[in-house]
Amino acid sequence: MNLIALALLLQQTVTSVQASANLNQLPVQMGYRVKPDTVLIAQQFDLFIKVLAPKGVRFDFPLGPDTTSQNGLRPIELRGEKLVSMLGDTAVALYHLVAWDIGTQSLRFPDVRVTYGGQERLVPLADATVFVKSVLPADTSLRIPKPPRPLIILPVFNWLLWGALLAAAIALVLLWWVWRRWRNRPRPPIDPYVRAQQEFARIEARKLLDKGEAEDYVAAMVDVVREYLAVRVPGVRRSNTTTELVHSMRPSAGVETELPGILEQADMVKFARASVSRDEAGRTATLAREIVDHVEARVKPDSEPAKRLNATEDKAA
């Protein structure tokens, strides 16, 4: 707020409380105003002080109210700093104040110090007061207080329970990890001859001949032979065509000479949809088993098929 405007306002409105001082014939006049004069606790109000003096008079406004506590309470406090403005031979001071006790409260301002011609006088402000209203009802006995709230009881953190749950979770994770490694452990390789016999048995268990699916039966039995030869015989691959497989095998003795025939028959079934009788399918399956046994006996002379083949030849001799 512009203090010059405040001075003009104060010149018009300082009528509620006015004080004059001759100070032993010193031509000095002072007035003050409290606005508003009735407030609530912590509500801001203003103290205006106006001093009119001729040129050459020096005066000092107080810094603020006396903030010495009374019964542990400071009844009047200053908000911010005082504002002082000069307008000709008139000085205006503005104080923003708050009150912290009810009833008529003295502002407790020190005197204004006036100096003129080497003489010093004090102009008192002891009469400056403000009335602080109470917010309580007229009859406080009608006021029903709320019941007291219960004490805040903080629960005790059960570290044992949470520790046990954490340990159980860690144990479950470890058990799952061990089981997963055991399930995905490297499996020992199955002997190609044993695998071929297992596949032959699995195909027989499907009873394709009894269902009239002789063509599927022939294709499945010949595929087992192909898988076996690709693993057991060097140079043979799973991706070989019939011609390439026969060229790699070079069958020239025994039942192996029947290999090109069953391979071509399986190709006709798979790619030309050729039909096969039940008897032809049974003969192809028998040849497939015999070819696997013969190759196993030739590649591994100490194997069980080799012993059976040698025993058969001895009987025939």
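The model is predicted: local features need pLDDT of at least 70, side-chain atom pairs count only at pLDDT 80 or more, and totals for chains, interfaces and linings use all residues. Residues are numbered from 1 along each chain as its sequence is written, and side-chain values use heavy atoms, without hydrogens and water. Helices (H or I, at least four residues) and strands (E, at least two) are DSSP runs numbered from the N terminus.

**Sheet**
- Three strands make an open antiparallel sheet, ordered S5-S10-S11; pairing requires at least two DSSP bridges.
- S5 (58–60) and S11 (119–123) are the edges; each has a single partner strand, so one side of each lacks a neighbour in the sheet.
- S5 pairs with S10 (residues 112–116) over three bridges.
- Phe59 sits opposite Val114 in S10.

**Helix pair H3 and H4**
- H3 (residues 192–205) packs on H4 (residues 214–232) at about 170°, axes 9 Å apart. Axes are lines fitted to C-alpha atoms over the stretch in contact, and angles run from 0 to 180 degrees between N-to-C directions.
- The two helices are therefore roughly antiparallel (over 145 degrees).
- Contact (heavy atoms within 4.5 Å) involves, among others, Phe200 and Ile203 in H3 and Val224 and Tyr228 in H4.

**Helix H5**
- Thr242, Leu245 and Met249 of H5 (residues 242–249) are buried (under 20% relative accessible area, 1.4 Å probe, protein chains only).
- Thr243 and His247 are exposed (over 50%) on the face turned away from the buried side.
- Cover for the buried residues includes H4, H6 (259–271) and H7 (278–299).

Key: Angles under 35 degrees count as roughly parallel, over 145 as roughly antiparallel, 65 to 115 as roughly perpendicular and the rest as oblique.
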